[in-house]
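The report that follows is meant for a reader who is meeting this structure for the first time. It turns to the nonpolar core and then to the surroundings of the ligand.

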Amino acid sequence: MKLLVTGGCGFIGSNFIRHLLAAHPDDSVVNLDKLTYAGNPANLADVAGDPRYRFVHGDICDASLVRDAAKDADAVINFAAESHVDRSLMEPDAFLKTDVFGVFTLLEAVRELKIPRLLHVSTDEVYGSVERGSSRESDPLRPSNPYSASKAGGDLLALAYWQTHRVPVVITRSSNNFGPYQYPEKMIPLFVTNALEDQPLPLYGDGKNVRDWLYVLDNCTAIDLVLRKGGDGEVYNVGGGHEVENVVLTRQILRLTGRPETLIRPVKDRPGHDRRYSLDSKKVQQLGWKPRHPFGAALEATVAWYRGHEAWWRPLKSGEFRAYYEKQYGRR
Ligand code: NAD
Ligand code: TYD
């Protein structure tokens with residue numbers, strides 16, 4: 001297959017491209033990425049020289065560039081997004097542009113070029129907070145922050161293009177991912193790297209919010225399966241099946257990094273902070289997927305990766321990130 005991957009220099013996209021090139025020797029990838037603060041070519045340094053891989057620098061909102069990059073593609077996989085809830089509270093514009101208008105641009109290109117598949121990568125956050133039970137694909141969307149509202153907008157537009165124009169879209173909605181190459185603004189890499197630096201771990205509110213954690217390589221195999229076997233116009237939830245309160249996970253990170261619990265710093269809660277996410281993933285399991293990495297071992301491997309890749313994350317925690325962090329949590 002010839003694939004156009006968008007947002008491939010970010011966390012999940014870079015793990016996916018590495019997975020794809022290893023698992024499918026006959027596939028090739030064009031990676032279109034704007035290189036925002038979250039896009040890092042270093043995430044794919046090991047495959048940059050592979051003749052099956054080509055990088056194009058650009059924005060998914062640029063219709064002519066997208067058409068150019070997509071011509072000849074058998075499928076488009078969209079990872080490109082503004083992806084951090086806290087940033088969406090401060091600067092929502094880019095979220096609307098990329099997560100809604102960018103999806104529209106991709107849909108139009110896929111429609112015009114008659115590309116047989118557009119896999120749009122989405123999130124469990126579109127369902128909003130789930131106090132009890134687990135979200136199913138048919139549940140209503142009740143997003144509660146500008147990030148999840150923008151993602152819900154992209155999902156609904158994609159499904160509308162299937163209904164009206166039969167554009168062959170398929171959507172995955174995964175739970176919180178963790179693993180190597182995740183930008184250190186998200187909880188797990190932020191807490192691991194802060195602990196390694198003996199810095200406080202800013203825990204929001206009462207620390208009892210629940211997330212369902214999915215190892216990124218398990219998400220990659222789910223996306224790969226849905227790409228090849230998923231039905232047009234369908235949505236597939238991809239949950240890790242490991243729900244845990246933030247405070248419990250924080251203690252686990254401190255144990256793995258050998259740091260004391262006194263590093264936990266309770267801070268003001270995030271406005272509109274969703275209490276719990278939980279996914280019913282039976283539909284993707286029926287396609288033949290299940291997560292292969294037990295949570296404890298995957299978290300340990302992730303901590304070991306950050307320990308061994310200081311040269312990757314240290315530069316990311318200076319400059320733009322430092323200014324963002326200080327605005328968010330105060331001077332450290
Ligand atoms: P990320 O923030 O690490 O990476 C996003 C990538 O998209 C970056 O490389 C960035 O440069 C690129 N990008 C941003 N705007 C662009 C634009 N306009 N044009 C082209 N490229 C652009 O994000 P991630 O964590 O890898 O998430 C990937 C996708 O998965 C997103 O759609 C996100 O909503 C979804 N998702 C993420 C998680 C998670 O836990 N990280 C969970 C569920 C779903
Ligand atoms: P995050 O990684 O931002 O993912 P999301 O908000 O998309 O689920 O946050 C995961 C959980 O950790 C969420 O409940 C918010 C919480 N959190 C903190 O307590 N402190 C932090 O500094 C961050 C970034 C998140």
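## The largest nonpolar core

In this predicted model, the largest nonpolar core holds 35 residues, and those that touch the most other members are Phe178, Ile188, Trp213 and Leu249. At least two residues of this core are supplied by each of α6 (187-196), β8 (201-204), β9 (210-215), α8 (246-257), α10 (295-308), α11 (310-316) and α12 (320-329). Helix α6 gives the most, with seven residues.

When residues up to four places away in sequence are not counted, Phe178 touches Phe11, Ile188, Trp213, Leu214, Tyr215, Val216, Phe295, Ala298, Leu299 and Thr302. As a general background, nonpolar side chains in soluble globular proteins tend to be buried together.

## The shell around ligand 1

Around ligand 1 there are 29 residues, of which Ile12, Asp33, Ser83, Tyr147 and Lys151 come nearest. Sorted by class, this shell has 11 nonpolar, 14 polar and four charged residues.

## Polar contacts and cover

A polar backbone atom of Phe11 is 3.0 Å from an oxygen atom of ligand 1, while a nitrogen atom of the ligand lies 3.1 Å from a backbone N or O atom of Lys34. In the case of Asp59, an N or O atom in the side chain is 2.8 Å from a nitrogen atom of ligand 1.

Of the 840 Å² of accessible area that ligand 1 has on its own, the protein covers 97%. Two or more residues of the shell come from each of α1 (11-23), β5 (118-123), α5 (146-165) and β7 (176-178), and the largest share, three residues, comes from β5.

Technical notes:
Residues are numbered from 1 along each chain as its sequence is written. Chains are lettered from A and ligands numbered from 1 in the order in which they are written. This is a predicted model: local features need pLDDT of at least 70, side-chain atom pairs count only at pLDDT 80 or more; totals for chains, interfaces and linings use all residues. Side-chain values use heavy atoms; hydrogens and water are left out. A residue is near a molecule or strand if one of its heavy atoms lies within 4 Å of it. A polar contact is a pair of N or O atoms within 3.5 Å; within protein, one must be able to donate a hydrogen and the other to accept it, and residues adjacent in sequence count only if both atoms are side-chain atoms. Accessible areas come from the Shrake-Rupley method with a 1.4 Å probe; for residues, only the protein chains shown count as cover. Helices (H or I, at least four residues) and strands (E, at least two) are DSSP runs, numbered from the N terminus. Ala, Val, Leu, Ile, Met, Phe, Trp, Tyr, Cys and Pro count as nonpolar, Asp, Glu, Lys and Arg as charged, and the others, Gly among them, as polar. A nonpolar core is a set of buried Ala, Val, Leu, Ile, Met, Phe, Trp, Tyr and Cys residues joined through side-chain atoms within 4.5 Å. Buried means under 20% relative accessible area, exposed over 50%, partly exposed in between (1.4 Å probe, protein chains only). Contact means heavy atoms within 4.5 Å.
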